[in-house]
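Open the model in a viewer and keep the sequence beside it. The stops below say what to select and what is there.

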Amino acid sequence: MSETLASAIREIAQACGNDRSRMMDIVEAVQAKFGCVSSEAMDLIAKQVSTHRVEVESVVSFYAFLSEQPKGKVVIRLCDDIIDEMKGSESVAEAFRQELGIDFGQTTPDGVITLEKTPCIGMCDQAPAALINNEVITYLSGDMAREIVRKLKKDPDPKKLIGRLGDGNNAHDLVRSMVHNNIRLAGEVVFSTMASGAGLKNALAMTPQEVIRDVKTARLRGRGGAGFPTGMKWDFTRQAPGDKKYVLCNADEGEPGTFKDRVILTEKADMMFEGMAVAGYAIGADTGVVYLRGEYAYLRALLEDALAKRRNAGLLGNDVMGKKGFRFDIRIQMGAGAYICGEETALISSCEGLRGDPKNRPPFPAQKGYLGCPTVVNNVETFCKVARILEHGPGWFAKMGSEGSSGTKLLSISGDCAKPGVYEVPFGIKVREVLDLCGAEDTAAVQVGGPSGQMIGMNQFGDPICYEHLATGGSVMVFNSSRDVLKIARKFMEFFVEESCGFCTPCRVGNVLLKEKLDDIINGKGAAGDLDYLESLGATVKAASRCGLGQTSPNPIVTTIKNFRSAYEAKIKAPAEEGLQPTFDIHAALSTAESIAGRKSVHT
Amino acid sequence: MSNTITFTIDGVEVTGQSGQTIMEAADAAGIYIPRLCALEELAPHGSCRVCTVMVNGRPQAACTQPIAEGMVVENETEQLLAIRRDIIDMLFVEGNHFCMFCEKSGNCELQALAYRFGIAAPRFPYLFPKRDIDATHPDIFIDRNRCILCGRCVRASRDIDGKNVFEFVGRGFDKRVAVNAEANLADTDAAVTDEAVNVCPTGALLKKRVGYAIPVGQRKYDHKPIGSDIEKK
Ligand SMILES: Cc1cc2nc3c(=O)[nH]c(=O)nc-3n(C[C@H](O)[C@H](O)[C@H](O)COP(=O)(O)O)c2cc1C
Ligand code: SF4
Ligand code: SF4
Ligand code: FES
Ligand code: FES
């Protein structure tokens with residue numbers, strides 16, 4: 001048993017209080033230090049925190065950024081989502097392959113560089129993009145990829161790859177990234193100035209019930225996608241029995257095409273923390289946790305700094321803002337590459353140091369959440385809205401937006417448009433207006449709400465974006481008439497197959513079956529009846545899946561069949577005569593047998 | 001009595017106790033709701049989804065959903081039968097199930113459910129995954145080709161045997177049952193007397209040297225379809 005590994009693990013685990021529920025922090029630290037969580041490491045960790053080895057393996061094997069097998073000192077993760085593909089990620093991929101002499105999923109023979117693909121890293125407005133360890137490289141090209149590899153071969157320090165820094169806090173000493181904010185339209189609520197404490201001060205002058213009443217009066221609905229009324233959620237949590245309660249902030253931002261939380265975290269983290277403190281006061285919690293997706297690790301130091309400043313200013317800690325007895329502090333929990341951990345109960349599992357499996361409901365988080373305690377989970381943007389509502393009053397907020405969806409919404413717009421970026425717009429804005437704002441031309445299709453949302457065609461460009469019509473957690477992807485909607489749908493299905501937690505049958509198996517059938521159709525092997533097959537299978541997956549992932553994952557197929565049926569029909573062959581399956585390739589089917597037998601089949 | 005709850009399943013009035021799941025109340029009332037991951041002695045898992053019912057028009061898993069006063073549950077509708085048939089089909093095609101050679105034939109809950117649903121062949125294409133077998137233990141073997149990831153072994157080992165011999169690793173389609181050792185069941189403290197060895201609904205986790213002991217004609221599901229015991233109540 002290697003001494004260094006043993007002593008390092010002892011130290012890491014002790015720093016986490018040998019607490020099994022801090023498993024994510026422990027395995028992430030081991031991964032960072034040793035490039036893997038080896039079998040030996042799993043045994044050591046298990047012993048250190050008094051759990052079973054297989055429990056550690058269970059966690060490590062769940063997250064894309066953790067691995068039992070050793071990875072290179074440098075891991076290049078190229079985003080292979082649809083937007084990046086449209087912006088030329090294939091030539092970047094080819095350049096990496098050639099220059100490194102390895103394929104994706106492999107490590108260079110000297111063990112220095114590992115090459116991988118990864119779903120959306122939240123940089124769609126500056127695609128193609130890649131993560132190199134924790135550094136973000138944007139606006140990639142084939143030439144840049146070659147240059148990067150040459151530099152890394154000389155000096156495997158990804159920090160040295162950062163050239164011109166981005167705008168705003170991206171250039172901050174604690175960040176030093178080349179990411180750009182691309183704030184294209186600043187609205188009144190999030191992208192305007194707010195003094196630290198302005199909202200919290202008003203909240204603390206009221207009773208917790210009054211705070212909740214204000215959030216309800218503002219008709220605030222969650223910005224993470226589902227649109228659940230925030231005040232009602234807080235009320236449930238406040239009323240749930242229990243001394244210990246928690247406020248969790250969902251900064252997992254994994255829905256492809258969404259990157260607005262990235263910009264909030266970069267520029268408006270203080271506002272978000274303020275909203276969390278308000279929530280803490282309202283529900284009676286003393287601890288907040290920000291679950292930050294692993295892809296945004298480059299923002300962690302900035303966030304820690306913002307927290308430290310709030311502590312120093314008395315906005316966190318004991319007797320917050322002089323309010324006797326109100327204690328509240330916030331810590332950051334890093335994710336490790338799993339879209340499902342954005343689902344609120346999976347997020348809780350992950351915070352508890354478990355696999356990111358969603359939990360059975362009931363009980364709901366408001367009753368039994370993090371560590372079994374009543375818990376509020378809200379999106380990054382939701383907390384910002386809370387802070388402003390408490391600052392300016394619910395009436396100010398409720399005046400904006402539409403009837404059923406008050407306030408503004410941050411949209412992340414990417415794809416075929418001149419000005420991709422973040423737009424703060426009032427709810428109720430029409431798709432067509434959004435397309436005008438971002439300079440989209442010749443638009444044929446828009447994916448609203450990311451892969452789990454819907455793909456709409458021109459006849460719906462007059463519809464408003466709001467919870468009652470076209471709902472979105474922020475993702476708006478624009479496609480012009482040169483794009484193939486079937487291939488886009490396939491990309492999204494690949495994403496869901498990759499990201500299903502695998503807990504329940506319909507999502508684990510059904511998505512694979514849906515994707516395979518779509519592959520057949522795209523490859524010219526579609527048959528009559530295939531659309532019925534896709535629709536009925538899609539209906540089963542949506543109805544029977546256990547969580548929101550499976551309940552929406554067939555949407556890429558279901559909504560393109562609904563809105564772009566002719567694109568499918570053009571690909572599907574008419575039934576052959578005499579009941580033969582036109583899709584059956586007898587030559588391919590017989591080829592293995594032919595090679596074993598060493599002769600050609602008599603079939604013509 | 002205040003903790004008595006009345007609701008309906010397919011229009012039939014059912015009375016249960018507060019705190020019961022739909023499945024528990026239905027069982028007590030002699031109404032069978034198909035299931036694979038649920039087992040009376042274990043905490044509900046909610047993974048197979050074969051027990052999907054409609055509750056006030058919304059799909060829910062009967063094994064995890066608590067009953068509530070006046071709730072309207074649908075169980076045997078065309079729509080639900082189609083969903084369940086699809087799920088059973090999925091479980092067949094995602095593994096490698098050769099019932100004719102399997103020691104569990106006739107006693108297998110997956111096979112019995114397929115018969116109950118009149119499934120002669122799945123409507124989905126077989127996915128033929130490559131999965132491992134573990135025959136290292138002297139008395140027990142694991143054939144993952146037949147595993148439906150129901151988690152019964154995981155729960156039984158953890159909650160009844162107090163051993164945590166089994167746990168899931170990997171995610172999505174690559175999810176599988178692993179053992180609490182580097183690789184082999186032989187290196188764990190699993191014993192043939194463990195309850196975990198008795199709970200597998202399929203032929204994935206079996207005792208060695210006792211296969212095919214029951215003659216055809218006397219096996220559990222040879223004469224009566226799965227669920228009959230509940231319906232007879
Ligand atoms: C598969 C899946 C992924 C999700 N990802 C996110 C996410 O990245 N960020 C987020 O805020 N909500 C996400 N959600 C929604 C959360 O479950 C939850 O509804 C939300 O965090 C609640 O906050 P809100 O009410 O403020 O929107 C996701 C849901 C599902 C089903
Ligand atoms: S729907 Fe998918 S992601 Fe959700 S529990 Fe089921 S398998 Fe897991
Ligand atoms: S081995 Fe058997 S009991 Fe365990 S998960 Fe697989 S099918 Fe279920
Ligand atoms: S960063 Fe590539 S699609 Fe979002
Ligand atoms: S029996 Fe309910 S989900 Fe398996």
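The tour goes from a sheet to a chain contact and then to a ligand.

This is a predicted model, in which local features need pLDDT of at least 70 and side-chain atom pairs count only at pLDDT 80 or more, while totals for chains, interfaces and linings use all residues. Residues are numbered from 1 along each chain as its sequence is written, and chains are lettered from A and ligands numbered from 1 in the order in which they are written.

**The sheet in chain A.** Select the five strands of the open, mixed sheet in chain A, ordered S2-S3-S1-S4-S5. Helices (H or I, at least four residues) and strands (E, at least two) are DSSP runs, numbered from the N terminus; two strands pair if DSSP finds at least two bridges between them. Strands S2 (106–107) and S5 (135–137) of chain A each have a single partner strand, so one side of each lacks a neighbour in the sheet. Next, select S4 (residues 130–132) of chain A, which runs antiparallel to S5(A) and is joined to S5(A) by three bridges. A:Ile132 stands opposite A:Glu135 there.

**The chain contact.** Now show both chains: 31 residues of chain B are in contact (C-beta atoms, placed from the backbone, within 7 Å) with 31 residues of chain A. On the chain B side, H2(B) gives the largest share, six residues.

**Ligand 3.** Finally, select ligand 3, which 14 residues surround (C-beta atom, placed from the backbone, within 6 Å); among the closest are B:Cys147 and B:Ala204.

How values were computed:
Contact = placed C-beta atoms within 7 Å.
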